[in-house]
Amino acid sequence: MIAGPTGAGKSSLALDIAAALGGELVNCDSLQLYRGFDVGTAKTPLLERRQIPHRLLDVLDPADGFSAGDYARRARAAIAEIVAAGRLPIVAGGTGFYLRALLDGLPELPSRDPSIRERLQARERNRPRSLHRLLTRLEPDAARRIHSRDVQKTLRALEIRLLTGSRLPRPEPTGRLQGYTILKIGLNPDRTELFTRLNARVESMFSGGLIEEVRGLLAHGATGDEKPFESLGYRQAIEHIRGKITLEQAIVSTQTATRQYAKRQWTWFRRDPEIHWLEGFGDQPEVIRRALELAGELAAKAKSPPVSG
């Protein structure tokens, strides 16, 4: 597993490890799951993937819902397939909640109830944002974790509350991934240099076709209100296309939000004591060398017979 803040070089390092050790990549970036969202996600171009298979990339349409539980199930299946083929699964991405769901599991929750969902959806259609206001009254802690525009997560939280008649379960991990030796690598680049790179990357995104990409998605049936359009860069591109902000404002807003997101990712991953932190970016030779060294050490340890007595 390769984690760390956006722009740290996770995909680059994952490709180097895969090439050296016979691996396949499993994407753990929630936005890169979506087809057509390429420029704004820094998705590795096809010609730069070195013919290394990438799993869970371009598997959803903009309107498709997808939960952390969905991710965990599909990622675990992909990992099992890769191992069965005698290759090394390399999970790379910065969506911390998806990684936790994959490795630690999620609480068992009741199945969906069509009648309850229909009533809640009708309420939201008649009074937009009313579901989130209701959730705020019933479950203020859950409401703070869910964006007011994320109707699907809000609806699911209310559905669980109505079905169980009790407070939502705490997000304690259950059902850990079993049967694998897991190496967690975290990239910890210099913060000032990372922010410089992120600012430049945002400028490159906008000059390299982000606005055109969004216009293309809209032309092919997207409304702009789907969940992936809430993400960094895409939200600002939509606002610019709709005449709400200038191009310069869109760029500055995206740069600011991206730096803030990187800080939140650092905070999230720092909580995990199992992560081996490497100082630098994923494309730096010393980082690559140390990552391969750690992988070799763990592989040797996993193959060693247990010590008796």
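The accessible surface of this predicted model comes to about 16500 Å², and 52% of that area belongs to carbon and sulfur atoms, with areas computed by the Shrake-Rupley method using a 1.4 Å probe and, for residues, only the protein chains shown counting as cover. Of the 309 residues in the protein, 43% are buried, where buried means under 20% relative accessible area, exposed over 50% and partly exposed in between (1.4 Å probe, protein chains only). Residues are numbered from 1 along each chain as its sequence is written, and side-chain values use heavy atoms, with hydrogens and water left out. Because the model is predicted, local features need pLDDT of at least 70 and side-chain atom pairs count only at pLDDT 80 or more, whereas totals for chains, interfaces and linings use all residues.

**Overall fold**

- The secondary structure comes to 12 helices and 6 strands, these being DSSP runs numbered from the N terminus (helices H or I, at least four residues; strands E, at least two).
- The radius of gyration is 21 Å, close to the 19 Å that the globule rule gives for 309 residues, so the protein is as compact as a globular protein of that length; the radius is taken over C-alpha atoms, and the rule is 2.2 Å times the number of residues to the power 0.38.
- Along its principal axes, the C-alpha trace spans about 65 × 50 × 35 Å.
- Among contacts between residues at least 6 apart in sequence, 74% join residues at least 24 apart, a contact being heavy atoms within 4.5 Å.

**Aromatic cluster**

- A search of the whole structure finds 5 aromatic pairs, meaning rings of Phe, Tyr and Trp (its six-membered ring) whose centres lie within 6.5 Å, with planes under 30 degrees apart counted as stacked, over 60 as edge-to-face and the rest as tilted.
- The rings of Tyr34 and Phe37 have centres 6.2 Å apart and planes at 65°, so this pair is edge-to-face.
- Phe37 also pairs edge-to-face with Phe229, at 5.1 Å centre to centre and 65° between the planes.
- Because Phe37 lies in the loop between E2 and E3 and Phe229 in the loop between H9 and H10, their pair ties together parts that are 192 residues apart in sequence.
- Tyr34, Phe37, Phe229 and Tyr234 form one aromatic cluster, in which Tyr34 is buried at 6% relative accessibility, Phe37 at 0% and Phe229 at 2%.

**Helix H10 and its surroundings**

- In helix H10 (residues 234–241), Tyr234, Gln236, Ala237 and Ile238 are buried.
- The buried residues of H10 pack against helix H8 (191–207), helix H9 (210–219) and helix H11 (247–270).
- Just after H10, Gly243 takes a positive phi of about 80°.

**Positive phi in two loops**

- Most residues other than glycine have a negative phi.
- Arg50, in the loop between strand E2 (23–27) and strand E3 (54–55), has a positive phi near 60° and is partly exposed at 42% relative accessibility.
- Asp58, in the loop between E3 and helix H2 (68–84), likewise has a positive phi near 60° and is partly exposed, with a relative accessible area of 27%.

**Leu294 in helix H12**

- Leu294 lies in helix H12 (residues 285–303) and is buried, with a relative accessible area of 6%.
- Leaving aside neighbours within four places in sequence, Leu294 is in contact with Leu183, His276 and Leu278.
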